[in-house]
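Student: I would like to learn how to read a multi-chain model chain by chain. Could we go through one together?

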Amino acid sequence: MIPLLKVDSLKVSIRTDDGTARVLDDVGLTLERGRILGVVGESGCGKSTLIRAIMGILPKGASVDAGHVWFEGENLLVFSEAELNGRIRSSRIGFIPQDPLLALNPVFKVGTQLLEAMRWHAPDDGTRGRERRRRHVERLVGLLRRMQVPDPETALERYPHQFSGGQRQRLLIAASLACAPTLVIADEPTTALDVTTQHQILLLLRELVGEFGLSLLFVTHDFGVVAELCDDLCVIYAGQTVEAGPVQAVLQAPAHPYTRALLACHPDRAASFVGIPGRVPSPLARPAGCQFAARCGEAEPRCREASPPQARARSGADVRCVQYA
Amino acid sequence: MKPILARLSRDLPAMLGLGVVVVVLLLAIFGPWIAPHPEDASASHLLRRLKPPSADFPFGTDNLGRDILSRVILGARGALQIALTVVVVAMLIGVPLGLVAGYRSGWLSETIMRVTDVVLAIPQLVLALALAQLLTPSLESAMLALSLTYWPFFTRIVYAETRRLSASLFVDALRGVGAASPRIVFLHILPNALSPVIVRATIGLGFTILVAAVLGFLGMGATPPAPDWGLAIADSRTYLPRAWWYATFPGLAILITVMGFNLLGDGLRDIVDPRLRRSR
Amino acid sequence: MIATAPPIVSVRDLSVLLGGRRGFLRKPVPPVAAVKEVSLDLREGEILALVGESGCGKTTLGRTILGLQRESAGEIQFDGAAVSGLRPDAARAARRDIQYVHQDAGAALDPWWSIGRTLAEGLVIRGVRNAAERRDRVAEMLAAVGLDPASARRYPHEFSGGQLRRVALARILLLRPRVLILDEPTSGLDMSVQATVLNLLLELRERFGLTYLFISHDLSVVARLSDRVAIMYLGRIVETGATKALFDRPAHPYTRILMAAAPRLAGRQAAEALPVRGDPPSPTAAPPGCAFLDRCPIGEPGCARRVPQLIAVGSEHRVACHLASRAANDWASYGVFAGQTAPVGAARHG
């Protein structure tokens with residue numbers, strides 16, 4: 001069976017004042033139906049560009065140089081803007097943003113904003129006008145109740161600032177599910193939240209995936225969140241997928257030196273606070289060979305000569321490192 | 001941050017404005033050496049009155065036989081002088097008031113801002129006319145009148161910027177380090193608040209040239225025989241149907257100069273406005 | 001040894017009211033009690049972590065100790081001398097040996113000033129007249145925090161998040177403080193950078209003989225870094241104790257919930273059993289009695305009657321919960337087990 005979402009050696013570059021930045025340089029990931037895939041990477045690794053490329057909202061000056069984004073067997077990259085809007089965004093791919101406050105317009109009622117999106121994207125059920133709107137309200141209220149938003153009946157009549165941060169995130173999760181998508185992309189949806197609220201949201205997401213038959217692409221920089229929520233894991237470094245596999249396998253036996261170094265920084269694992277020396281190479285000047293070689297404790301001369309091949313580690317993970325070639 | 005000029009060079013209208021401003025500046029400085037008939041600042045030649053544009057007199061001559069091109073060139077200095085003086089004086093009044101009102105709170109701040117609001121509420125030209133009428137009509141009183149009407153714009157801008165910056169983290173950190181208020185206000189808040197002030201000043205230069213010309217036109221600014229653009233248009237009225245060139249060229253000089261300053265000001269605003277700044 | 005050191009900062013029954021306005025033609029706004037009757041001691045040389053969720057008053061408490069926020073009631077002593085009840089300028093002057101490092105290190109720097117100039121400014125304010133001496137001391141301090149002294153010429157926007165934390169530390173350390181209030185010093189940093197910053201903090205403490213008040217919401221960092229912990233909820237300290245004791249035997253239900261909610265590499269098994277209800281409350285609408293009651297998994301109606309006071313449950317370990325003694329007995333029913341958190345102590349001073 002074909003996977004729900006498969007990104008295939010995607011390369012994206014963005015023209016800037018200082019030259020052309022190769023932001024994504026061979027990213028690949030596979031999200032199977034009904035699973036939660038965690039995409040982990042540090043700031044500047046290309047996480048947000050990856051999301052934008054999948055959703056077809058790359059910024060001005062960005063171009064896809066190579067690769068495919070297969071969604072339910074179709075290559076999204078060849079879709080026109082109108083096709084993406086009509087057939088994909090919201091209706092089949094939902095999105096949960098990082099900062100719920102920025103995603104809601106403060107001067108409009110929550111209901112106005114959520115219903116607007118449904119008007120354009122909700123599947124046609126044969127109803128029109130008021131009847132259609134009534135059904136949308138019904139569905140939203142039902143979703144809000146499921147999201148445990150207090151007073152779901154009146155919630156649509158309130159303004160964004162009348163909700164707490166955690167409740168706003170629940171609203172947006174409801175919004176992402178409003179048009180019954182099969183894939184939901186979440187961009188660090190809990191980083192702006194307190195730890196207890198984050199915990200509640202993670203539990204909720206986990207339940208929703210089973211309940212609504214969703215697949216979830218969860219972007220984060222926190223391995224702890226991945227360990228609690230995700231089934232599969234994909235580590236990105238400097239615009240490349242360096243390791244991908246089942247969460248338990250990768251956490252137990254991280255294969256790529258970068259994954260190992262990153263996990264060693266986690267306070268749960270760190271023997272002492274060491275960090276990773278050096279910096280992520282600039283997308284304007286990618287070095288030859290392995291992107292991590294300059295910071296890698298196990299680098300060999302050959303690492304700096306040619307890009308390491310994709311290989312299979314003993315844990316079952318796909319890894320991009322010469323050690324496994 | 002890239003040098004301002006490099007970023008300005010990508011903005012065509014702003015570059016056009018910059019070009020105009022530079023030309024006006026050069027004319028103002030070197031006018032007497034560039035003008036074909038510099039003596040026409042005061043001399044009159046009754047034999048060649050109201051000649052249409054020709055090779056000798058590209059802009060024609062006026063009712064006293066003076067070369068209009070020369071008088072347009074010579075007028076640049078006066079116009080720029082007025083504009084610069086007015087804007088600098090207005091800044092000297094408006095900026096400190098805005099800093100004080102923005103950094104302090106309480107009755108002093110309230111008083112300053114309410115006075116500012118009152119002055120802003122009066123149409124500028126009316127106030128300038130009233131003031132110029134009160135004083136003896138001369139270039140100096142016109143400049144004073146314009147300065148006294150323009151400062152509230154700077155106070156408003158600086159007040160808003162100071163308010164914003166006082167609440168910013170870096171000012172908070174400075175208080176934590178133990179910096180005294182004068183140090184915070186003049187060394188930190190003022191430079192950070194300056195960009196919008198410069199933009200406003202650039203647009204203000206063009207605006208002042210326009211208002212000064214109006215005052216000159218109404219006989220409350222420059223006095224004859226000074227080569228003033230506004231004055232020239234006023235004098236030309238009597239001869240307008242016959243001598244179209246008499247009003248046209250001083251008018252164009254005003255139009256182009258004002259537009260130049262405005263285009264440059266707009267371009268500068270786009271550059272310093274952090275919301276419009278392109279992220280990297 | 002640390003346990004017997006005299007307190008360098010001592011806070012007694014401190015309350016802070018924020019905001020509030022009675023104006024002509026304006027609707028009066030009642031003030032918000034951000035900090036309520038807080039007492040704590042900061043001992044010379046220790047790292048005391050102040051932990052809580054957003055809006056719990058931990059930052060306000062830090063700023064009040066610093067002197068940038070005026071206390072409404074209570075007393076603050078620095079080095080045995082009272083430094084509270086003063087006018088703002090005098091309060092700050094009396095506490096010049098206490099310094100504060102902002103959470104957003106980049107925004108705490110004047111974007112128009114080079115790093116070198118900003119760093120030297122503190123010395124100018126402290127009366128170091130000789131420019132060459134200032135330059136030398138800035139260069140020395142930049143090196144001490146692990147930055148190239150040549151970076152003094154650069155501007156804030158040219159630095160990365162981790163480097164900016166180092167700049168902020170250098171700026172404050174040039175003033176030779178004895179106590180640093182660190183407000184979420186690692187929030188927003190990548191894990192790999194976070195570790196290096198924490199390491200630097202430990203190093204600097206040794207080198208300059210510093211005492212830290214470490215404000216954080218991240219228990220996994222706190223567990224590894226601090227000597228003692230104080231947990232805050234809605235303006236009050238609800239539990240305090242030595243880090244190891246508190247993490248091994250958390251006594252307040254809120255502490256337990258916080259510990260269980262933190263995402264762990266070990267996965268989700270234990271955490272799912274723990275009920276966490278509701279959102280962090282707002283200090284504008286504090287309930288009577290125990291503020292945690294509406295979210296508490298074991299709360300009883302009686303808890304609303306009065307505010308629980310801190311009572312000792314071990315040496316140095318105190319908790320403000322009406323049901324503390326009972327709760328300690330049925331541990332397992334909350335799915336939180338001693339030792340579930342990261343091992344404490346082993347790496348603290350490494």
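Tutor: We start with one chain and its secondary structure. This is a predicted model, and chain B in it has ten helices and zero strands. Read along the sequence, the pattern of chain B is α-α-α-α-α-α-α-α-α-α.

Student: What does the C-alpha trace of chain B span along its principal axes?

Tutor: The span is about 75 × 50 × 30 Å. Of the 280 residues in chain B, 44% are buried. Among contacts in chain B with a separation of 6 or more, 70% are between residues 24 or more positions apart.

Student: Which residues of helix 9 of chain B are buried?

Tutor: They are B:Trp229, B:Gly230, B:Leu231, B:Ala232, B:Ile233, B:Ala234 and B:Ser236.

Student: What is the average pLDDT of chain B?

Tutor: The average is 84, and 95% of the residues in chain B score at least 70. Over residues 274-280 of chain B, however, the pLDDT is below 50, and this stretch has two contacts in the model beyond near neighbours in sequence. The general rule is that where pLDDT is low, the predicted coordinates should not be read in detail.

Student: Next, backbone torsions. What should I look for?

Tutor: Most residues other than glycine have a negative phi, and most peptide bonds are trans. In chain C, C:Arg176 is not a glycine, yet has a positive phi of about 50°. C:Leu234, also a residue other than glycine, has a positive phi near 50°.

Student: Where are C:Arg176 and C:Leu234 found?

Tutor: C:Arg176 is in the loop between helix 5 (161-173) and strand 7 (179-183) of chain C. C:Leu234 is in the loop between strand 9 (228-233) and strand 10 (236-242) of chain C.

Student: How do I describe an interface?

Tutor: The size of an interface is often given as the accessible area lost when the parts come together. Here we count residues instead: the contact takes 33 residues from chain C and 34 residues from chain A. On the side of chain C that touches chain A, helix 6 (191-208), helix 7 (219-225) and helix 9 (253-261) of chain C each supply at least two residues. Helix 6 of chain C gives the largest share, eight residues. By class, that side of chain C has 17 nonpolar, nine polar and seven charged residues.

Student: Last, the sheet in chain A. In what order do its strands lie?

Tutor: The order is 2-1-4-5, in an open sheet of four strands with antiparallel pairing. Strand 2 (19-31) and strand 5 (74-75) of chain A are the edge strands, each pairing on one side only. Strand 1 (residues 5-16) and strand 4 (residues 62-71) of chain A are antiparallel and joined by eight bridges. A:Ile14 has A:Ala62, in strand 4 of chain A, as its bridge partner.

Student: What does helix 1 of chain A touch on the sheet?

Tutor: Helix 1 (residues 47-55) of chain A touches strand 1, strand 2 and strand 4 of chain A, and its direction makes about 70° with that of strand 2 of chain A.

Terms used:
Residues are numbered from 1 along each chain as its sequence is written. Chains are lettered from A and ligands numbered from 1 in the order in which they are written. This is a predicted model: local features need pLDDT of at least 70, side-chain atom pairs count only at pLDDT 80 or more; totals for chains, interfaces and linings use all residues. Two residues are in contact if their C-beta atoms, placed from the backbone, lie within 7 Å. Ala, Val, Leu, Ile, Met, Phe, Trp, Tyr, Cys and Pro count as nonpolar, Asp, Glu, Lys and Arg as charged, and the others, Gly among them, as polar. A residue is buried if 20 or more other C-beta atoms lie within 10 Å of its own, exposed if 12 or fewer, and partly exposed in between; C-beta atoms are placed from the backbone. pLDDT is the predictor's confidence in each residue, from 0 to 100. Two strands pair if DSSP finds at least two bridges between them. Axes are lines fitted to C-alpha atoms, for helices over the stretch in contact, and angles run from 0 to 180 degrees between N-to-C directions.
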